[in-house]
Amino acid sequence: MATSDSDSPSVLNDPAKAHLQVPPTGPYLSGSSSRTGSDTSLHRVKNVPGYTTPAFKGKEEQRAKVQSNIAAKGFVPRELVANEVEWFYGHLGIDDTYFRNESVEVISDHILALFGAKILAYTKHDPSQLVIDLEKIDDKGNGATFIHTSPPGLTSTEGPGSTCEARIDELYLDKATPENCYRLETFRSTGSISATASQQLRCYFVSKCNFPKLAPPSTPKDEKTNIRAVSDPVFLEKASENTMDIYQQIMWNVENRYGPVIEVFEVEGTRERRMVIGYKMGGTTHFFSALSNLYHFYSLYSTRKYVEQFSNGITIISLYLNPLPNSNAPPIEHSIFQVMKEVSLLFCLPDNPFFSAAGASRHAVQDAAYAYSGWIFAQHFCNRLGPAYLALKNTLDESNASHAEVLNNIKRRFREETFTRESIAQVIHAHPELIRMLYVNFAMVHYPADEAQRLMPTLSYQRLQTEQPLTDQELYDRIRRSVLNKQDLQVLESFLIFNKHVLKTNFYQPTKVALSFRFAPEFLPEVEYPNKPFGLFFVIGNEFRGFHIRFRDVARGGIRIVNSRNKENYSINQRMLFDENYGLASTQSLKNKDIPEGGAKGTILPSLGANPRLCFEKYVDSILDLLIPGQSPGIKERLVDLYNKPEILFFGPDEGTADMMDWAALHARERGAEAWWKSFTTGKSAQTLGGVPHDTYGMTSLSIRQYVLGIYKQLGLREKDITKVQTGGPDGDLGSNEILLSSDKTVAIIDGSGVLADPAGINREELIRLAKLRVPVGNFDKSKLSKDGYLIRVEDQDVRLPSGEVVIDGTDFRNGAHLRFKADLLVPCGGRPEAVNISNVAALVDAEGKPHFKYVVEGANLFFTQQARLFLEKRKVVLFKDSSANKGGVTSSSLEVLAGLALSTEEYIEHMIFKNGKPSDFYKSYVRDIQDKITENAAAEFTCLWREFQRLQGAKPRTTISDELSSTLNNLQAELESSDLFEDKPSREGVMRRAIPKTLVDKIGLDTLLKRLPEPYQRALFSSWVASHFIYKYGVQGSSVDFFHFARDLSN
């Protein structure tokens, strides 16, 4: 499975595409785990050590040297030296690894330190004050030794033990890569420190892995790694055969699965349990130290722990756990299941501030993970704007640009100041009892109480049975009575809102990589979110958080990674994340008006320094937990699903995720989404996964082109007489295709590299050369310019233009260039959002009030703000906005989804995936169908907008008509989806035959297609086709009588 950046996900490049031909054996299906959810027999292992330490032959000789070295130093009275050395070597029970690794000098220092600590404790007359803290960190980075006193089963909150494991995580484990990683052995000494003090020592030995330089190919024919080929020689020397076998099995499971693999072994004849956890390097951080807090919580202690690294990028941790004698904790036979369940929560959130043994509240991991989820939820949904904002909103006129700006600033301020992350965390820390009750309220609904659980209830389930759950009303009353401060109350209420609206979650899934929740979006206040989303997903990972919002059941949109430059920028992104996601998804709805999918969008906010690829993979995997029913006990189990209908999401590429779509589709397949993995993402590689790239086939440009040609046709203009300014150069998708498709007289092009201008018209041959090479205007051959033409690159300084004007700075000149040129037509094909806004749009009008451009077709998304569009239209500019002009891309993606849903896996491989680098005839024909559909839709919408503008005699701007058209279409589509028109078989078949591209209908047959396509998708396809064709034909004013006539002909 391609998970790291290094193995790029073109796994299907092999000519046979063998593993696409067969259904996956499914690492997530039953049979891949050796255990069921409640299998009390567990795996048994013999009561022998899993590791052997070869005896250190030079030990006696070394001991004699240490003894004379200590005697020579003179700190220890001569008659005591032999005794101290003997105690250290013979009675403490320190493993031979230590003696072999350390020099005589270091061992002498450690014995002296131990002696000094004993004297100090003696002077305090309290043997329990005996604290040992020895460490030796190799300055060449080869490893380290840490030895300190450690009471079993307790997490130290002070002294050396409190930070030792966290430091080991930070220094040696968190940043492990196959090129630079460390193995760790740690054991508790068997003897006590001295005759009077009973403390034991904990020793940690960290050593750098030295993998064989040229490992033999570790992957034999059956694709399974041989563990011996990827191991450190020290591990091979020490691990027993049985350990090797166990680790080998775990390694295979980790390679096959995304997320941690957790197994427990019972040691014959003892109560010891050995827990083995495998995961991919870099999958989590601070995990090793968090594990200690976890088993201490259940009164277990570890005798030995190992962390092994392997050169194929896998980490395996092994813990030898025992119950603390005389504790009143639940027996290890039960608590070990709970520890297993909670390990996966820890893997998701190891840095959880609500789970630390230091805290007085002592939340269990599940309560703490719940508190953390509620904390993040409250950060996004507590800062509501309230009645003061509403009053202001009603007073101001939002269509007035300056009012809108004031309102927006106030909204930002309200969001910032009411609840900070810190203030919300304080409330959670202050009310541990209420948080626990809220957790029980959540768990009573979502804890899966299936057969397996009844056989062997885990502790948290037993705890739920014993803690008296309150009804929602009782719980609310309890909170209201115990919390007097209004702000605290609001935070705790948000936890109740959270509980009431979660429809399903992977919180109790035995293995997962991030927490995901599917919400019913009813809790969103209408003032701020006037359009209610259909579905809302919320994902919380250790290094990111993310949302996915969709406005209809069948919806598609891009997944965007929101990167932050610095801490301050991260804070702003965090506050605005949900609003940004909501805004992007609702804009997408306007654009998706004549295709079956409604608008959707996903956003991922990585923490500072996090790997965006890892965040994306975790986001996708945890959302898949909620889309694919679990089938394998102990790995992916069935969740409590209050939504109780199948859901499919369709993801597309957006900022930062364009190269991740292949991975997501293949991963969905590995997870068992056999029916829809092909349509799960769009923007897939054409050759290896049958995607339809927009730029190669000029999909977006085709719809923009229809608007340009429509203007020429309606106004009787000849293209070659038209002067044009274009933003976005020959290096981009839209820019290059606009150059290749047009034949006008282009006078200026502005792109990332600079500004190219020529009043006589830029040399067309040279532009075509650049467009075919996909390189920016900075590469233009200047000898092809007329005497008045020029090229200013962004790096230029102090350059004189032919007019005599001096350009001081190339970048500044480029940034304002779109406001200086004049021409008949402006086609933005690139540039920053809101490049033309209310504060600079006046620059597009000259001193006499004459606009710089007569016609504008907005190819780039959001290039103009709404107010800027209306400003230009008032001055008689013919302007078509982005959501009408550039919908070619969404239409293409929509038909890419359709092909994925309509073809079986075998047919898809046969027809959509390239053979020897060439597309099939079916593929070429399907692409032509897509291009025709785009052209047809764009031309129909253009005509409808033009007609409507004429009918109203210019009383309403085209921008407003375009928005009204989109919402009328969307509303009609929603009405039709819930109407019974779809049930009329002749109408349904008549529409489907026209809505589905001919190539597909001819190849598969309409009846088969209707059997394969999910019903919600068919309804959406039917209603979007009927709604768009009706409105494009009869206009926004179409009457019921018109619809009656229209509907009568559907079956033809």
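User: How are the axes of helix α9 and helix α10 placed relative to each other?

Analyst: In this predicted model, the axes of α9 (residues 287-297) and α10 (residues 332-348) come within 10 Å and cross at roughly 145°. The crossing is right-handed.

User: What makes the contact between α9 and α10?

Analyst: On the α9 side, F287, A290, L291 and L294 take part; α10 contributes V339, E342, V343, L346 and F347. Contact here requires heavy atoms within 4.5 Å.

User: Why is L862 called partly exposed?

Analyst: The relative accessibility of L862 is 36%. Buried would require under 20% and exposed over 50%; L862 therefore counts as partly exposed. This residue lies in the loop between β24 and α29 (866-874), and has a positive phi of about 55° although it is not a glycine.

User: Why is N916 called exposed?

Analyst: N916 has a relative accessible area of 74%. Since the cut-off for exposed is over 50%, N916 is therefore classed as exposed. N916 belongs to the loop between α32 (905-911) and α33 (921-951). Its phi is positive, about 50°, although N916 is not a glycine.

User: What is the span of helix α21, and what is expected at 1.5 Å a residue?

Analyst: Helix α21 (residues 612-627) has 16 residues and reaches 23 Å from its first C-alpha to its last, close to the expected 22 Å.

User: How do you know that α21 is mostly covered?

Analyst: Of the 16 residues of α21, 15 are buried, the cut-off being under 20% relative accessible area.

User: What contact is found at the start of α21?

Analyst: There, a side-chain oxygen of N611 reaches to within 2.9 Å of the backbone nitrogen of R613. A polar contact requires a pair of N or O atoms within 3.5 Å, and the pair of N611 and R613 falls within 2.9 Å.

User: Why is one side of β20 and of β25 left without a neighbour in the sheet?

Analyst: The open sheet has 7 strands in the order β20-β19-β18-β17-β23-β24-β25, with mixed pairing. Because β20 (790-793) and β25 (878-880) stand at the edges and each has a single partner strand, one side of each lacks a neighbour in the sheet. Neighbouring strands of this sheet are turned by 10° against each other on average, direction ignored.

User: How do you know that β24 and β25 pair?

Analyst: Pairing requires at least two bridges, and 3 bridges join β24 (residues 855-857) to β25. These strands run parallel, and V857 stands opposite F880 in β25.

Definitions and conventions:
Residues are numbered from 1 along each chain as its sequence is written. This is a predicted model: local features need pLDDT of at least 70, side-chain atom pairs count only at pLDDT 80 or more; totals for chains, interfaces and linings use all residues. Side-chain values use heavy atoms; hydrogens and water are left out. Helices (H or I, at least four residues) and strands (E, at least two) are DSSP runs, numbered from the N terminus. The expected span of a helix is 1.5 Å times one less than its number of residues. Buried means under 20% relative accessible area, exposed over 50%, partly exposed in between (1.4 Å probe, protein chains only). A polar contact is a pair of N or O atoms within 3.5 Å; within protein, one must be able to donate a hydrogen and the other to accept it, and residues adjacent in sequence count only if both atoms are side-chain atoms. Axes are lines fitted to C-alpha atoms, for helices over the stretch in contact, and angles run from 0 to 180 degrees between N-to-C directions. A crossing is left-handed if the near helix is turned anticlockwise from the far one by less than a right angle, and right-handed if clockwise.
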